[in-house]
Amino acid sequence: MPLSWFKAPQPQLSIGVGPWSARRVSAGIFYNRGRVEVPGGFSAFSSLAANHHPEALPRSATRSELDYAPVTVDLPGGSTGKWPSLWLRDNCQCSKCIHPDTRQRLVDTFSIPEDIKPLAVRNLENHLEIEWANDGHTSTYRYNWLSEHHLNQNSSEPNSVKFSPERQYVADDPKTYPTVLFDEVMSSDEGVRKWTDQIYRFGFSFVKGSPPTPEATEKLLERIAFIRPTHYGGFWDFTSDLSLKDMAYTTEGLGGHTDTTYFTDPAGLQLFHMLSHTNGSGGESLLVDAFEAAKTLYKEDPEAYRVLKEHGVSGHASGNEHVCIQPARPFPVLNHHPDTGELYQVRWNNEDRKPIVNASPEEISRWYAAARKFNEILTRKDMERWFQLEPGTPMIFDNWRMLHGRSPFSGKRRMCGGYINHDDFMSRYLLLRDGREKVLGRI
Ligand SMILES: [Fe+2]
Ligand SMILES: [Zn+2]
């Protein structure tokens, strides 16, 4: 790569900013009063945060540093960001490069010169401007947007585990169970915000004052998002007749489980509304906060936690003649965001689990021991929340977090409900909680 392009004239590099300090941006990249002494990068100071960096000895740049021509920006608030030129050009925020309505990328990434580099970097009042040397475009980035898009360079810690403090544990006291009113959810987005916020924070919520009909319940669920159809149908309304070959359609008790572990993307939310229960008794409902149980497992037996975090298992749904659903790949019981380490999904369904064959006998034995320990925690009395569902009070829960189950019952129960995708739930929730501008600003 020719080095001549680094000799950008000083005024272009420093418009609107204070004097350039000699500063070391990273190993091998060195600046001195607007002149790039060692090739490899461009630097800009936000006028709101003119940090001065200590002098450092120049070192020779590696080939890769030459190639990606990084731009370093000191941002308001004191942080410093560093991005490859190609990344910045690809993510230009101007209205020619991002569609102002759809927020979709318009720039053809692969027609950007691979050796794209700045001619000038300018700090303006609210945004950074980069004039590119070799594709005739000038890019703009709001400082807030840049702050939201620091490169996540510490993401590769493979063993990090985090539990979001936003996910709160509800005490075993029905008086404290999260509750909203049917009318507030149906009549205002604020009601939906409150409802989805409870589901997100606590894992479940009861809706009081609902008409005990399938029609009203379906409309209620659709306040969050469209209902997800499965091989059981869309919105369901059933009695215990085993018309669909799954244990859910019997009168037997069901231990705590999450639904649809046989899907690559398990159902996100599930709502139950008991419309009637005649000529019998029993059938109490169970919820278990598996995030709380996972936290306990992490404290009591980190090795078991690691096994359930790393070893994938598969499920299947095969009860009906024309169906044999299996996920695209095995998934662990405890699923974590690869960048943040945050636990985001528990998959736990012993009935639907396929035989584990993807490991050695020793590893499989370790998996059984870890699952036994997790099961012991999940079934502790203080983990279980038992309650009786009633007509007029639908219950919704996060199926990526809460186990559900029931005790056996006699008589005839009529239940209705449905699933919602987790991504659709989170979209509705975050837009209501943070507002569109803030949510889009993080994209
Ligand atoms: Fe279930
Ligand atoms: Zn642009």
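How many cavities of 30 Å³ or more does a search of the whole structure find?

Modeller: The model is predicted, so local features need pLDDT of at least 70 and side-chain atom pairs pLDDT 80 or more, while totals for chains, interfaces and linings use all residues, and side-chain values use heavy atoms without hydrogens or water. Residues are numbered from 1 along each chain as written, with chains lettered from A and ligands numbered from 1 in written order.

The search finds four cavities of 30 Å³ or more (on a 1 Å grid, points where a 1.4 Å probe fits but cannot get out; lining residues have an atom within 4 Å of a point). The largest cavity holds about 140 Å³ of space, and among the 13 residues that line this cavity, V313, R347, W348, N349 and R353 lie nearest its centre. By class, this lining is made up of six nonpolar, five polar and two charged residues.

The second largest cavity has a volume of about 70 Å³, and its lining has four nonpolar, two polar and five charged residues. The lining residues of this second cavity include F163, S164, R167, Q168 and Y169, together with D289, F291, E292 and K295, and also L343 and R401. Helix α8, which covers residues 290-300, supplies the largest share of that lining, with three residues.

Elsewhere in the model, the zinc ion (ligand 2) is coordinated at 2.2 to 2.3 Å by the SG atoms of C92, C94 and C97 and by NE2 of H137 (donors lie within 2.8 Å of the metal). The angles that the four donor atoms subtend around the zinc ion (ligand 2) run from 103 to 114°, and the arrangement is therefore tetrahedral (all angles between 85 and 135 degrees). In sequence, the donor residues of this ion follow the spacing C-x1-C-x2-C-x39-H.

Strand β8, residues 127-132, runs antiparallel to β9 and is joined to it by five bridges, and R142 in β9 is the bridge partner of H127. The two strands form a hairpin with five residues between them, and G136 in the turn has a positive phi of about 70°.

Methods:
Donors are N, O and S atoms within 2.8 Å of the metal (3.2 Å for Na, K and Ca); water is not among the atoms, so sites may look incomplete. Four donors count as tetrahedral if all angles lie between 85 and 135 degrees; four count as square planar and six as octahedral if opposite donors are over 155 degrees apart and all others between 65 and 115; anything else is irregular. On a 1 Å grid over the protein atoms alone, a cavity is a set of points where a 1.4 Å probe fits but cannot get out, and a pocket is an open set with protein on both sides within 12 Å along at least five of seven lines; lining residues have an atom within 4 Å of a point. Grid points are joined across faces, edges and corners, and a volume is the space filled by probe spheres set on the points. Ala, Val, Leu, Ile, Met, Phe, Trp, Tyr, Cys and Pro count as nonpolar, Asp, Glu, Lys and Arg as charged, and the others, Gly among them, as polar. Helices (H or I, at least four residues) and strands (E, at least two) are DSSP runs, numbered from the N terminus. Two strands pair if DSSP finds at least two bridges between them.
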